[in-house]
Amino acid sequence: MTPSAGVDVDGRSSGKNLVGKAQSPSRWRVLVLLALLLGSLVYLLSWPPFGQEPGYHQFVDTRMFFGIPRALDVLSNLPFLLIGIVGFWQCRQLPALSWRLPWQVFFAGVALVGIGSAYYHWAPDNERLVWDRLPMTIGFMGLVMALLAEQVSERAARWLLWPAIIVGVASVGYWFWIDDLRWYYWVQLAPMLVIVAMQLLFAPVYSHRSVLLVTLSLYLLAKYAEFHDAGIYAVAGVSGHTVKHLLAASACATVLLMLRWRRRL
């Protein structure tokens, strides 16, 4: 069988556009994707600046177990660490990966979320929240660049990966120093837009791409749980923020499963 365009026989990238000439996306699809990303940024920046609400750090579940304050909010970050480590390692083994770096950036960000979020929930305040949000932006940007490389252009993604990570990290710095969350919110929004756009606009390059819709659904449920911390606690005896961690970690696990299951079409 003839190797796919841009991929050597052993599955490694030859440095060319992975999509290949026959499957190269038409220009209008790329323009629509760019319009979604840039338009959403312009839209968010058109809002009045808004900062972190002081009451954000007042999580409802303050129970201590084994000397750990807010124990369930702290310990529920362990799945991030485990999934991130496993995912980073498996990116070195999986055959259905051509350019591994952005996927490794994603899983490294996931693993660091496990550490940074646990550190934050031990004693929540704005200074510690920085170390929760920084690795999240690294993971978000790694995911976006991985999808762009596979569906649109690996060459463009190679140029954009590190600038994108810098943009993500800078959004946290901008929030912390200026107390304006608009930019950081866009960094969270961008992966969701890319996932939806890939499903609607671009033909799949790999199988099991629809698993990303499960990823997106779990992440949206996690955001819902985050904003209903006390209500979920009153009903379930487990805080919404703890549930958020478990749902978000499950979303990351679906990405790992997709990479393990898929094959190049």
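**Figure 1. Burial and overall form of the chain.** In this predicted model, buried residues account for 51% of the 265 residues in the chain. The chain contains 11 helices and 0 strands, and from the N terminus on its elements run α-α-α-α-α-α-α-α-α-α-α. The radius of gyration is 19 Å, close to the 18 Å that the globule rule gives for 265 residues, so the chain is as compact as a globular protein of that length. Taken along the principal axes, the C-alpha atoms fill a box of roughly 60 × 40 × 30 Å.

**Figure 2. Aromatic residues Trp175, Phe176 and Trp177.** The count of aromatic pairs in the structure comes to 10. In one of them, the ring centres of tryptophan 175 and phenylalanine 176 are 6.0 Å apart and the ring planes stand at 65 degrees; planes over 60 degrees apart count as edge-to-face, so this pair is edge-to-face. The rings of phenylalanine 176 and tryptophan 177 have their centres 5.2 Å apart and their planes at 80 degrees, so this pair is also edge-to-face. Tryptophan 175 has a relative accessibility of 1% and counts as buried. Phenylalanine 176, at 29%, counts as partly exposed. Tryptophan 177, with a relative accessible area of 69%, is exposed.

**Figure 3. An aromatic cluster and two charges over rings.** Ring pairs join Tyr43, Trp47, Phe50 and Tyr185 into a cluster. The charged end of arginine 133 sits over the ring of tryptophan 175, at 4.7 Å from the ring centre. Likewise, the charged end of arginine 262 sits over the ring of tyrosine 206, and here the distance to the ring centre is 3.8 Å.

**Figure 4. The salt bridge between Arg262 and Glu150.** Side chains of opposite charge can pair when their charged atoms come close. The structure holds 6 salt bridges. In one of these, the side chains of arginine 262 and glutamate 150 meet with an N to O distance of 2.6 Å. Arginine 262 lies in the segment after α11 (240-261), whereas glutamate 150 lies in helix α6 (residues 126-151), so the pair ties together parts that are 112 residues apart in sequence. Both arginine 262 and glutamate 150 are buried. Arginine 262 is also the residue whose charged end sits over the ring of tyrosine 206.

Figure 5. Arginine 158 and glutamate 154 form a salt bridge in which the closest N and O atoms are 2.4 Å apart. Both residues belong to helix α7 (residues 154-178), where they are 4 residues apart, about one turn of the helix. How do the two partners stand in terms of burial, buried or partly exposed? Arginine 158 has a relative accessibility of 36% and counts as partly exposed. Glutamate 154, with a relative accessible area of 0%, is buried.

Figure 6. The side chains of lysine 244 and glutamate 226 meet in a salt bridge with an N to O distance of 3.6 Å. Lysine 244 lies in helix α11 and glutamate 226 in helix α9 (residues 211-226), so the pair ties together parts that are 18 residues apart in sequence. Both lysine 244 and glutamate 226 are buried. Salt bridges that share partners join Lys223, Glu226 and Lys244 into one network.

**Figure 7. A nonpolar patch on the surface.** Which residues form this nonpolar patch? The patch consists of Trp28, Val32 and Leu36, which together have about 260 Å² of accessible area. Leucine 36 is located in helix α2 (residues 27-45). With a relative accessibility of 35%, leucine 36 counts as partly exposed.

**Figure 8. Threonine 62 and aspartate 73.** Threonine 62 has a relative accessibility of 54% and counts as exposed. In sequence, threonine 62 and aspartate 73 are 11 residues apart. In space, the C-alpha atoms of threonine 62 and aspartate 73 are 8.6 Å apart.

Technical notes: Residues are numbered from 1 along each chain as its sequence is written. This is a predicted model: local features need pLDDT of at least 70, side-chain atom pairs count only at pLDDT 80 or more; totals for chains, interfaces and linings use all residues. Side-chain values use heavy atoms; hydrogens and water are left out. Rings of Phe, Tyr and Trp (its six-membered ring) pair if their centres lie within 6.5 Å; planes under 30 degrees apart count as stacked, over 60 as edge-to-face and the rest as tilted. Buried means under 20% relative accessible area, exposed over 50%, partly exposed in between (1.4 Å probe, protein chains only). A charge sits over a ring if NZ of Lys or CZ of Arg is within 6 Å of the ring centre and within 35 degrees of the ring normal. Patches are made of residues with over 30% relative accessible area and no salt bridge: like charges are joined within 9 Å, nonpolar side chains (Val, Leu, Ile, Met, Phe, Trp, Tyr) within 5 Å. Accessible areas come from the Shrake-Rupley method with a 1.4 Å probe; for residues, only the protein chains shown count as cover. A salt bridge is a side-chain nitrogen of Lys or Arg within 4 Å of a carboxyl oxygen of Asp or Glu. Helices (H or I, at least four residues) and strands (E, at least two) are DSSP runs, numbered from the N terminus. The radius of gyration is taken over C-alpha atoms; the globule rule is 2.2 Å times the number of residues to the power 0.38.
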